[in-house]
Amino acid sequence: MEQKTFYEHLEEVRKRVIKSLMAIVIFSIFAYVFKDKLLVLLTRPLGRELVFLSPTEPLIVLIKLSLIVGFVMAFPYILYQIWKFIDEMFVLNKKHYLAIADGLIEKNLGDELNIWAYSRVDSIPEQKNEG
């Protein structure tokens, strides 16, 4: 394997960051198309409408929602880009590959389990202050 210079590594990082940002932008635009459905999906558990305190707040909320959903949807591609950069930089034996992949899979499965568990909670009872 040929050794790369520091600047070649920086160029590789730049390319991968640009690809990841493009994926986030593309998925964010896709999410913005479905902004109304996403907002209904997220506000349904509240049981009431959102209250906006400034004229620009509805637009800002929709843009933030689209960016967050875009990042979540692009996250597997971002992980792929990170993995490909690390793969080119280091030569690891197969045991290390399995350990790293196993750690990533277990972390993602744990996150999914937490999201599933919290989505099943209908409401958290409010505590009443006595005093």
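Reader: Which helices each supply at least two residues of the lining of the largest pocket?

Author: Bear in mind that this is a predicted model. The helices to look at are α2 (35-43), α3 (57-89) and α4 (94-119), and each gives the lining at least two residues. The largest share comes from α3, with seven residues.

Reader: How many residues line that largest pocket, and which lie nearest its centre?

Author: The lining has 14 residues, and V72, F75, D111, E112 and I115 are the ones nearest the centre of the pocket. As for the space itself, the largest pocket has a volume of about 360 Å³.

Reader: How do the residues of the lining divide into nonpolar, polar and charged?

Author: Sort them by type and you get 10 nonpolar residues, one polar and three charged.

Reader: Let's step back a bit. How many helices and strands does the protein have?

Author: Four helices and zero strands.

Reader: Which residues of α1 are buried?

Author: The buried ones are E12, R16, S20, A23, I24, S28 and A31. For the protein as a whole, buried residues make up 14% of the 131 residues.

Reader: Why does S28 count as buried?

Author: The idea is to compare its relative accessibility with a cut-off: buried means under 20%. S28 has 6% relative accessibility, so it counts as buried. This serine sits in helix α1, and if you skip neighbours within four places in sequence, S28 is in contact with S66, L67 and G70.

Reader: And S20, what is its relative accessible area?

Author: S20 comes out at 10%, so this residue is buried. S20 is found in helix α1, and its contacts, again leaving out neighbours within four places in sequence, are Y77, I78 and Q81.

Reader: Among contacts between residues at least 6 apart in sequence, what share joins residues at least 24 apart?

Author: For this protein, 75% of those contacts do.

Reader: One last thing: what does the accessible surface of the protein come to?

Author: About 11400 Å², and 67% of that surface belongs to carbon and sulfur atoms.

Key. Residues numbered from 1 in each chain as written. Predicted model: local features only at pLDDT ≥ 70, side-chain atom pairs only at ≥ 80, totals over all residues. Heavy atoms only, no water. 1 Å grid on protein atoms, 1.4 Å probe; cavity = no way out; pocket = protein on both sides within 12 Å on 5 of 7 lines; lining within 4 Å. Points joined across faces, edges and corners; volume = space filled by probe spheres on them. Nonpolar A, V, L, I, M, F, W, Y, C, P; charged D, E, K, R; others polar. Buried < 20%, exposed > 50% of the residue type's maximum accessible area, 1.4 Å probe, protein only. Contact = heavy atoms within 4.5 Å. Areas by Shrake-Rupley, 256 points an atom, 1.4 Å probe, with all protein chains shown as cover.
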